[in-house]
Amino acid sequence: QVQLVESGGGLVQPGGSLRLSCAASGSIFSIGAMGWYRQAPGMQRELVAAITSDGTTNYADSVKGRFTISRDNAKNTMYLQMNSLKPEDTAVYYCNEYITLWAPRTIRGYWGQGTQVTVSS
């Protein structure tokens, strides 16, 4: 019914930039809060950044000033602009969105498949 497709991951040198995208498709009535999470090997999944339906943002301390989350409601797409990347940013990045379907008119959270970000020289 709903699919989240992520793109934009890859290998980048320290100090470089990447832009992740998460496009939602399906029988979508509305999208509420959205967020980017990441999981490094052997670590728990952690919240990186979140954005509400009215555009309020929140960031993990480790990425403040370097990452920017945004959304395009017309395209049902969320972005994560990552600048000044560090080796410790290496992880699989997942998008998460709270989506209400046309039918049944209920809200639940959906996850993307994950995209690998590797920061290395």
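In what order do the elements of the protein chain run from the N terminus on?

Figure 1. The model shown here is predicted. From the N terminus on, the elements run β-β-β-β-β-β-β-β-β-β-β. The protein chain holds 11 strands and zero helices. Its radius of gyration is 14 Å, close to the 14 Å that the globule rule gives for 121 residues, so the chain is as compact as a globular protein of that length. Taken along the principal axes, the C-alpha atoms fill a box of roughly 50 × 25 × 25 Å.

**Figure 2. Surface and contacts of the protein chain.** Of the 121 residues in the protein chain, 40% are buried. The accessible surface comes to about 6,300 Å², and carbon and sulfur atoms account for 50% of that area. Contacts between residues at least 6 apart in sequence were also examined, and 56% of them join residues at least 24 apart.

**Figure 3. Strand β3 with its partners β1 and β8.** β3 pairs with β1 in the antiparallel sense, over six bridges. Within this pairing, L4 stands opposite A24 in β3. β3 also pairs with β8, again in the antiparallel sense and over six bridges. Here L20 stands opposite L80 in β8. In a regular strand the side chains alternate between the two faces of the sheet.

**Figure 4. The largest nonpolar core.** Which residues touch the most other members of this core? They are W36, L80, M82, Y93 and I99, out of 30 residues in the core. The elements that give two or more residues to this core are β1 (2–7), β3 (18–26), β4 (28–39), β5 (46–51), β7 (67–72), β8 (77–82), β9 (91–101) and β11 (115–119). β9 supplies the largest share, five residues. In soluble globular proteins, nonpolar side chains tend to be buried together.

**Figure 5. The surroundings of L80.** L80 is one of the residues that touch the most other members of the largest nonpolar core. Residues up to four places away in sequence are not counted in this view. With those set aside, L80 touches L18, R19, L20, W36, V48, A49, F67, T68, I69 and Y93. Among them, L20 is the residue that stands opposite L80 in the pairing of strands, while W36 and Y93 are, like L80, among the residues with the most contacts to other core members.

**Figure 6. The disulfide between C22 and C95.** How many disulfides does a search of the whole structure find? It finds one, formed by C22 and C95 with their sulfur atoms 2.1 Å apart. C22 lies in strand β3 and C95 in strand β9, so the pair ties together parts that are 73 residues apart in sequence. The torsion about the S-S bond is about 55 degrees, so the disulfide is right-handed. Both cysteines, C22 and C95, are buried.

**Figure 7. N96 and the residues around it.** N96 is found in strand β9. Is N96 buried or exposed? N96 has a relative accessible area of 6%, so it is buried. Leaving aside neighbours within four places in sequence, N96 is in contact with A33, M34, G35, Y37, M78, Y110 and W111. One of these, Y110, is 14 residues from N96 in sequence. The C-alpha atoms of N96 and Y110 are 5.5 Å apart in space.

Note on methods: Residues numbered from 1 in each chain as written. Predicted model: local features only at pLDDT ≥ 70, side-chain atom pairs only at ≥ 80, totals over all residues. Heavy atoms only, no water. Core = buried A, V, L, I, M, F, W, Y, C linked by side-chain atoms within 4.5 Å. Buried < 20%, exposed > 50% of the residue type's maximum accessible area, 1.4 Å probe, protein only. Helix = DSSP H or I, 4+ residues; strand = E, 2+ residues; numbered from the N terminus. Contact = heavy atoms within 4.5 Å. Disulfide = S-S within 2.5 Å. Rg over C-alpha atoms; globule rule 2.2 N^0.38 Å. Areas by Shrake-Rupley, 256 points an atom, 1.4 Å probe, with all protein chains shown as cover. Pairing = 2+ DSSP bridges.
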